[in-house]
Amino acid sequence: MSGSPPPTPSLGLRGALGSLSARLLLAFLLPTLVLFVLTGAASYALARSILEEELGQSLSALAAATASQVSGERMLTIELGDDVQGTRTWRNLTRLLGEVRQASGLRRVFAVDVQGRVRADVGGGLPVGVEAPELARDRLELARVFAGERAASQVLFTGSDGQLYKTGYAPVRQGDTVVGAVAVEGSAAFFDSLAQLSRTFTAATAVALAVLAAVAVLTARGLARPLRRLMDSALRIGRGDLTTPVPPEPTREIGVLARELEVMRGALESRDRQLKLMLAGVAHEVRNPLGGIELFSGLLAEDLKAGTPAEAAGHVSRIQREVAYLQRIVEDFLAFAREQPLARAPVEGPALLADACELLSVEAETKGVKLEVEAAPAWLEADGSLLTAALVNLVKNAVQASPPGQRVLVTGRAEAQRYTIQVRDAGPGIPEAERERIFEPFFTTREKGTGLGLPLASKIVRAHGGELEFTSMPGATTFTLTLPLGLSSQ
């Protein structure tokens, strides 16, 4: 595994991490800002509507109280120029309106007839008989007033002092007939408080957004640091560094990613180490037969030139043996390296043991070793051919380790939902120094051994969900193979 990844994916990952803060800021601030704006606008509009309604009702009630003190008959006697002459009727009405204005803190109080002409104006300065231009703004409200209702203007207006004002109206009656109206203009000073409240709310919103922004940045940094560590670990693995462990992470979700990445790294490291070991083993094992083939082919060529066919035949036989050994090395290597899917099917335990021993019966008989099988009935859900190959390797090692005249006992028994197969021999045992390496690929103590038999058997057993263990001492070595029982045996 060599070479480094192109920089673009790395920069892309870093760019994604860098945008995490922006995304969290957007996720935190945008909904909050929308919520605050909508809440503030709705609250402001509701508060303004309520306050305007209350102000209008107060002003119209004050206008009604004032109108109840005004005599419609006397008001209509006020004519053009009475304000200049200062007639008693005009003075009395002006005094009444002035007292109301002063007592209530109003900006203006005035009385008009049904044609909208001023009969008295305190605070506005309009002369008697002039049409009040302000009434054009509230035509709909005045129509209701002249119909006998009291009303308030729907629109606030700005006075000469720059403040907002509202007008309340009430009818002036002569008997049952409405002959005019009293208008009172009051300040909408509450808007100053409302504006202050709006500014306070805006400031509080800004502070809240700032706090949320800080929280988002801190959260993004807290997430980005472990993600960046995971990214660095992934890049190291991508560059071929399989020895540096992936550091654990405290956050649960990121911790799961870290653990899985560490498992992946460990698996890649193990596979890389195994691959290197296998390549080294193959190179070592192939070198010897190739050297022999080269040597004997050279001798064969010399004998053919010298005309000694008898010796040449011996060299051909040696070359054939070396080629057969080389072929066995290749087959064992392919069998060990190939990831074969399991073709599971019901397999009878006693038949599995008997088949494996039958395949080695000739070799055992040639060496003078007796094979014995004692198997209890049981069914396995397994790949029969692969399990037979694994068992053949175990029995073959036992036969080769047994002295002539001894026996190799192969037993099978079912217990606790497992089927246990044991292969016992009476050989010299496995030396202490070699026990830790016997499942290591290409480790062998035999001159012509490939060292793949036990690793292949262990690999097949693990693929079936089983275990392969051994115990050894001089005169007694036992390999124990444990497999799960099939459904038909449970």
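**Core and helix packing in a predicted model**

Me: Which residues does Ile-421 touch, leaving aside those up to four places away in sequence?
Reply: In this predicted model, Ile-421 touches Leu-352, Leu-353, Leu-391, Val-410, Thr-411, Gly-412, Phe-479, Thr-480 and Leu-481.

Me: What makes these pairs contacts?
Reply: Contact means heavy atoms within 4.5 Å, so each residue touched by Ile-421 meets that cut-off.

Me: Which residues of the largest nonpolar core touch the most other members?
Reply: The core has 37 residues. Ile-421 is in that leading group, with Leu-352, Leu-380, Leu-391, Leu-394, Val-410 and Val-423. Elements giving two or more residues include α9 (349-359), β10 (407-415) and β13 (476-484). Helix α11 gives the most, with nine residues.

Me: Which residues make the contact of α9 with α11?
Reply: From α9 come Leu-352, Leu-353, Ala-356 and Leu-359. From α11 come Gly-384, Leu-387, Thr-388, Leu-391 and Val-392. By class, seven are nonpolar, two polar and none charged.

Me: What makes helix α12 mostly covered?
Reply: Eight of its 11 residues are buried. Buried means under 20% relative accessible area, so Leu-454, Lys-459 and Ile-460, among others in α12, fall below that cut-off.

Me: Which residue follows α12, and what is its phi?
Reply: Gly-465 follows α12, with a positive phi near 80°.

Key:
Residues numbered from 1 in each chain as written. Predicted model: local features only at pLDDT ≥ 70, side-chain atom pairs only at ≥ 80, totals over all residues. Heavy atoms only, no water. Buried < 20%, exposed > 50% of the residue type's maximum accessible area, 1.4 Å probe, protein only. Helix = DSSP H or I, 4+ residues; strand = E, 2+ residues; numbered from the N terminus. Core = buried A, V, L, I, M, F, W, Y, C linked by side-chain atoms within 4.5 Å. Nonpolar A, V, L, I, M, F, W, Y, C, P; charged D, E, K, R; others polar.
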